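Here is a short briefing to read alongside the sequence and the model. The fold of one chain comes up, and so does the place where two chains meet.

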Amino acid sequence: MEGKHAKLERNGIAFAIMILFVASLGGIFEIAPLFTIENTVEEAPGMRPYTPLELAGRDIYVREGCYACHSQMIRTLRSDVDRYGHFSLAAESMYDHPHQWGSKRTGPDLARIGGKYSDDWHVAHLIAPSDVVEGSVMPGYPFLAETRLNVDVLPASLRALQRAGVPYSDQQIAIAGRDAIAQADFEGGFEDALWERYCENVQVRDFDGDPSRVTEMDALVAYLQMLGTLVDFDQIKVEEIAR
Amino acid sequence: MKPERDEISGQETTGHEWNGIKELNTPMPKAFHIWLWLSIAVSVLLWILYPSFPFIKSYAGGILGYSSRIAVTDDVAAGRAQRSEAFAPFETMSVDELAADPGLRDAYEDEIAVLYRDNCSACHGRNATGQTGFPNLTDDQWLWSGTPEEIEYTLQVGINSTHNDTRIAEMPAIGKDQWLEKGEIADVIDHVLLLSRQDHDPDAAARGAALFADNCASCHGDDGMGGLENGAPNLTDATWIYGGDRQSLHDTVNNGRAGVMPHWSDRLTEAEIRKLTLYIWWAGQDDGDS
């Protein structure tokens with residue numbers, strides 16, 4: 001032992017090769033799995049890219065730092081599944097760049113918050129959380145309801161995600177702004193067009209209770225109301241996605 | 001070359017010399033080496049037993065065939081089985097039968113409260129007394145009847161929810177959609193204030209009576225008592241979801257209302273819905289008159 005070590009220590013080239021080998025291990029373990037990522041990401045019926053309105057909501061979620069207190073990752077633990085629902089699939093964050101798994105739960109996990117509460121509740125809660133939930137320490141975001149959503153940036157947002165591998169078509173990108181406004185307008189009758197362009201699980205309605213305009217509140221509530229609702233778990237057998 | 005031994009400590013030196021300074025060779029203690037190799041051995045063992053490295057087509061599954069997803073699925077199923085034993089009556093009995101058994105409340109109410117707080121309290125409050133926009137569940141005023149069976153159905157399909165069989169009740173935007181003129185709306189509101197025995201302008205209320213009969217009575221009834229079959233609230237009592245003062249009434253009549261109760265059939269099991277049904281029904285049994 002002693003002798004081998006001493007020999008290695010005195011041989012510059014051998015020592016450099018050993019350092020290179022050890023230092024590259026970390027890289028190998030992080031990078032190699034990415035080449036076979038399709039083995040990790042499950043077939044998940046119903047999974048689709050975000051609609052422009054949902055994406056705008058997601059951008060607001062990131063901008064306001066919601067991930068600092070809310071995770072979006074239901075772990076394979078009984079306590080998590082009992083409280084929040086089916087454990088999260090890799091496929092459910094396949095279009096997230098970056099993912100919002102989070103590492104801290106000051107508030108509850110939001111991976112399956114979609115449909116749990118009404119739009120009205122989300123709006124009232126986002127404006128003044130402690131008015132609705134006794135003892136809540138969440139800050140209020142009343143300005144969301146007063147801020148008109150900037151839809152002009154949406155084509156660029158979709159384009160960026162397209163470059164990261166999200167399968168947005170050029171047509172979807174071109175009319176992203178219009179689609180965002182259409183999704184918040186139930187009266188407009190755009191539901192069929194949005195369903196055709198995205199999927200039939202797109203929810204089309206006025207989300208913030210103010211049909212006269214599309215606000216950041218519309219976008220954020222649209223995003224929250226679709227979280228965890230896309231994948232049809234009736235079609236998935238746990239044996240097929242066992243990991 | 002044999003390293004030189006230091007005379008004072010008796011230890012070997014590294015054999016290097018820098019400007020006359022030599023260094024003792026003090027290698028890691030044996031215990032550290034043993035610990036390091038042991039942990040490497042343990043990790044190799046774990047690689048063999050449990051899923052580890054990715055391959056091109058698949059990954060090393062490990063000889064135990066362990067999957068955290070299958071493990072948690074079994075775990076949750078075991079928990080469900082345990083709960084269905086602990087809450088046995090809720091597995092087999094209908095809500096009517098459960099409601100007829102007075103002993104169940106003392107035995108189960110505290111346990112079901114956990115389920116209530118996790119799913120319902122955000123809107124209806126910790127004590128089920130509701131808040132603006134979200135009805136009080138402890139009083140005797142019901143939109144869709146307070147029988148256990150109807151409460152259960154509301155929990156399953158929701159109100160104005162995304163469920164296919166959802167209950168639907170919508171207050172139209174009488175003002176915004178220009179069913180009535182501004183003055184007419186004020187008259188109708190005075191009539192509603194009269195119905196609920198609040199301060200009102202008698203002349204306006206009288207003018208509003210005919211408008212109410214034409215536009216509102218089809219849902220709320222000629223007498224304003226509402227109807228449990230269409231979810232129209234009773235306007236003659238002191239219970240208001242969105243407030244019964246003139247300004248709140250104006251907001252309601254002008255902009256309409258369509259409160260949403262989510263459906264729970266996808267999120268909760270049938271037994272859990274029965275538990276919550278009874279929990280809510282029990283909460284309504286306290287005010288002495290029922």
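Helices here are DSSP runs of H or I with at least four residues, strands are runs of E with at least two, and both are numbered from the N terminus. By that count, chain A has twelve helices and zero strands. Please keep in mind that this is a predicted model.

**Fold of chain A**
- If you walk along the sequence of chain A, the pattern reads α-α-α-α-α-α-α-α-α-α-α-α.
- Among the contacts in chain A with a separation of 6 or more, 69% link residues 24 or more positions apart.

**Dimensions and burial of chain A**
- Chain A has a radius of gyration of 23 Å, whereas a compact globule of 243 residues would have one near 18 Å.
- Along the principal axes, a box of roughly 80 × 45 × 40 Å is filled by the C-alpha atoms of chain A.
- As for burial, 30% of the 243 residues of chain A count as buried.

**Where chain B meets chain A**
- On this interface, 28 residues of chain B are in contact with 28 residues of chain A.
- Two or more residues on the side of chain B that touches chain A come from each of helix 2 (68–86) and helix 6 (121–124) of chain B.
- Which element of chain B gives the most to that side? Helix 2 of chain B does, with eight residues.
- By residue class, the side of chain B that touches chain A holds 13 nonpolar, nine polar and six charged residues.

Key: Residues are numbered from 1 along each chain as its sequence is written. Chains are lettered from A and ligands numbered from 1 in the order in which they are written. This is a predicted model: local features need pLDDT of at least 70, side-chain atom pairs count only at pLDDT 80 or more; totals for chains, interfaces and linings use all residues. Two residues are in contact if their C-beta atoms, placed from the backbone, lie within 7 Å. Ala, Val, Leu, Ile, Met, Phe, Trp, Tyr, Cys and Pro count as nonpolar, Asp, Glu, Lys and Arg as charged, and the others, Gly among them, as polar. The radius of gyration is taken over C-alpha atoms; the globule rule is 2.2 Å times the number of residues to the power 0.38. A residue is buried if 20 or more other C-beta atoms lie within 10 Å of its own, exposed if 12 or fewer, and partly exposed in between; C-beta atoms are placed from the backbone.
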